Amino acid sequence: MSGAHFRHTAGSLFAVEDLESALGALKEIVEQGEGNAHGEVWDGDQDVLHPERKEVAHYYRFQELKLGRRYQRGDTPKTGPTGEKVGVDPDGVLPMTPDPRPAEPGSAVRAAQDLFDTTYSTLLNLLEQAFNGDPKRLTDATRTMFTLRAQAQALMALPGGAGPTFAYVPPEARG
């Protein structure tokens with residue numbers, strides 16, 4: 001684990017090198033709302049798609065899907081979400097082969113897989129840079145995550161239910 005860094009609420013960075021520092025990093029995750037031990041469902045950020053409200057922590061987003069309702073002001077982990085219904089449109093679910101493998105070289109599916117893999121690898125490198133002392137790279141990583149999502153959706157919309165392979169492409173092989 002040596003060399004990995006984590007932003008602490010006090011604004012300092014520290015290396016995760018042993019059990020004590022790893023537990024400190026996990027505590028920070030909980031305090032920021034992603035593990036939520038303090039009774040709030042909000043992570044403190046504004047919702048990207050709905051800037052008029054705060055963002056629900058990731059764990060509670062999954063709860064919204066599971067329970068079929070959105071969290072709203074006043075809701076707590078104990079009350080559960082009491083807001084508008086969350087529906088899943090089966091027509092919006094894209095088909096995908098379980099554990100997809102690389103398609104035939106030269107095919108449209110393979111080109112889309114290669115593009116996804118390049119973007120995915122770039123994202124991994126941005127996250128590594130952010131956690132190793134350059135936290136400003138998180139902004140680039142976040143933008144790259146949205147690009148990756150769009151590429152995955154385009155890939156899965158191709159005939160045959162293809163999907164991303166999540167293959168790592170080294171920097172020197174990225175075009």
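Let's start at aspartate 99, which sits in the loop between α2 (58-67) and α3. The helices here are DSSP runs of H or I with at least four residues, while strands are runs of E with at least two, and both are numbered from the N terminus. This is a predicted model, where local features need pLDDT of at least 70, side-chain atom pairs count only at pLDDT 80 or more, and totals for chains, interfaces and linings use all residues. Residues are numbered from 1 along each chain as its sequence is written, and side-chain values use heavy atoms, with hydrogens and water left out.

Aspartate 99 isn't a glycine, yet its phi is positive, at about 50°. With a relative accessible area of 55%, aspartate 99 is exposed. That word means over 50% relative accessible area, whereas buried means under 20% and partly exposed is in between (1.4 Å probe, protein chains only).

Now hop into helix α3 (residues 108-131), where you'll find threonine 119. Threonine 119 counts as buried because its relative accessibility is 12%. So what does threonine 119 touch, leaving aside its neighbours within four places in sequence? Its contacts are Thr144, Thr147, Leu148 and Gln151, where contact means heavy atoms within 4.5 Å.

Next comes lysine 136, in the loop between α3 and α4 (137-156). At 70% relative accessibility, lysine 136 counts as exposed. Count ten residues along the sequence between lysine 136 and leucine 126, and you'll find their C-alpha atoms 9.6 Å apart in space.

Finally, look in the segment after α4 for phenylalanine 166. Phenylalanine 166 has a positive phi of about 55° and is not a glycine. Its relative accessibility is 46%, so phenylalanine 166 counts as partly exposed.
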